[in-house]
Amino acid sequence: MKVLRKINKDIYYIGGSDLRLELFENLFPLTSGVSYNSYFIDDEKTCVLDTVDSSVADCFFEELDIALKGRTLDYLIVQHLEPDHSSCIRKVLEKHPKTTLVVNARCKDMLFAMLEQELTSPIQIVKENDILKLGRHELTFVMAPMVHWPEVMVTYDLTDNILFSADAFGTFGALSGNIFNDEMPIDKEFFNEARRYYTNIVGKFGGPVQKLLAKAKTLPIQMICPLHGPIWRTNLETFIEKYDLWSRYEAEDDEIIILYASMYNNTYYACMDLANLLANQGIKNIKLYDVSKTDVSYLIAEIFRVRKIVLASPNYNGGIYPKMLNLLEDMKALSVKNKIVGLIENGSWALVVAKQMKEHLDAMGNMKVVEPIVQLKTTVKEENIAALEALSTALINE
Ligand code: FEO
């Protein structure tokens with residue numbers, strides 16, 4: 001038997017959290033799990049919005065049975081087909097063969113590949129602004145392609161002004177009984193994880209997120225129910241403002257971070273000298289990140305956060321050090337743009353890395369490399385200190 005949480009007088013939370021998962025999408029490290037949210041509307045017609053990941057399926061089906069109280073499930077709205085939300089669809093339809101699937105046309109096309117079998121359940125295709133009447137609740141649909149997959153749509157409850165936002169406004173982290181934003185600390189750590197989720201999962205798709213935000217602005221939203229993380233029922237603008245900044249690729253903080261690769265600490269020592277020079281000139285909150293020791297998802301989130309970055313890499317097999325190369329490739333893949341960039345290269349045999357790093361940066365958008373580029377030959381020499389000093393001043397003046 002389970003105890004359910006209501007999100008208002010007739011909508012229930014029927015999701016679950018996986019605290020044992022170490023890598024989301026088998027890629028992103030999790031420190032405190034992740035939640036897969038699903039919602040049940042108890043009206044004249046019963047309705048579920050999205051299912052959950054297979055890891056919490058048992059919990060979901062038990063909660064759904066409790067919420068249904070012996071009734072049939074009339075509608076299953078599928079907003080997003082990624083398996084962390086769709087892996088229980090087939091079983092829902094097996095248990096409730098008369099349930100009508102509510103999807104958009106793109107989702108219907110992709111659904112058959114997901115289900116790996118012919119669909120015998122009724123299916124209702126919806127498009128932008130269509131209305132689904134459940135009784136007290138009237139739902140409408142807003143297409144949100146590429147937030148985060150092409151079939152994504154979000155659902156707006158016209159009765160209670162609730163936005164069911166799919167992956168948008170999600171975050172990493174399990175829910176522990178407290179499912180609302182006002183029941184937990186929405187602090188720096190929360191936004192660090194929310195930013196890491198956004199930038200790595202949806203970061204590439206800033207344009208589509210901006211389109212969704214523009215549509216959302218026209219709605220009197222009282223509550224946001226995402227597919228991961230807490231439900232927002234207070235201070236919605238706090239999170240919406242972050243999404244606006246992130247999706248416009250604008251920095252939150254006018255700060256400097258230094259991301260370095262270093263095999264024998266020589267490049268690291270140059271970065272420390274640069275940090276000291278910046279600090280001597282009054283710069284605060286400088287952060288150094290070893291790209292070999294820090295998962296790239298954290299680096300991407302930090303790069304989105306700040307306006308100025310320094311990249312430092314040794315020559316490795318005539319190219320960029322592999323971990324730095326991986327970071328640059330990820331930056332490109334996630335559409336990083338609008339940064340002021342300092343470069344430090346270290347080449348004991350040949351100075352070729354800064355040029356290669358700059359080529360990667362030039363393939364991004366509006367990445368301004370400031371002069372001078374600091375060139376080390378193994379260790380930091382006196383002339384390198386002068387160049388580091390000039391770089392620190394150039395960064396400050398930007
Ligand atoms: Fe949480 Fe794009 O799936």
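Q: Helices here are DSSP runs (H or I) of at least four residues, numbered from the N terminus. Given that, how many residues apart are Asp362 and Lys358, and in which helix?

A: This is a predicted model, by the way. Asp362 and Lys358 both belong to helix H11 (residues 353–362), and because they are four residues apart, about one helical turn separates them. Their side chains meet in a salt bridge, 3.2 Å from N to O. Asp362 is partly exposed, at 48% relative accessible area, and so is Lys358, at 31%.

Q: Which parts does the pair Asp182 and Arg233 tie together?

A: A salt bridge needs a Lys or Arg side-chain nitrogen within 4 Å of an Asp or Glu carboxyl oxygen. Asp182 and Arg233 make one at 2.7 Å. Asp182 lies in the loop between S15 and H5 and Arg233 in the loop between S16 and H7, so the pair links parts 51 residues apart in sequence. Both also belong to a salt-bridge network with Arg5 and Glu183.

Q: Are Glu252 and Arg195 buried or exposed?

A: Buried means under 20% relative accessible area, and both Glu252 and Arg195 are buried. Their closest N and O atoms are 2.7 Å apart, in a salt bridge. Glu252 is in the loop between H7 and S17 while Arg195 is in helix H5, so this pair ties together parts 57 residues apart in sequence.

Q: Which residues make the nonpolar surface patch?

A: Met263, Tyr264 and Tyr316 do, covering about 340 Å². Tyr264 is in the loop between strand S17 and helix H8, and it's exposed, with a relative accessible area of 66%.

Notes. Residues numbered from 1 in each chain as written. Predicted model: local features only at pLDDT ≥ 70, side-chain atom pairs only at ≥ 80, totals over all residues. Heavy atoms only, no water. Patch = residues over 30% accessible without salt bridge, like charges linked within 9 Å, V, L, I, M, F, W, Y side chains within 5 Å. Areas by Shrake-Rupley, 256 points an atom, 1.4 Å probe, with all protein chains shown as cover. Helix = DSSP H or I, 4+ residues; strand = E, 2+ residues; numbered from the N terminus. Buried < 20%, exposed > 50% of the residue type's maximum accessible area, 1.4 Å probe, protein only.
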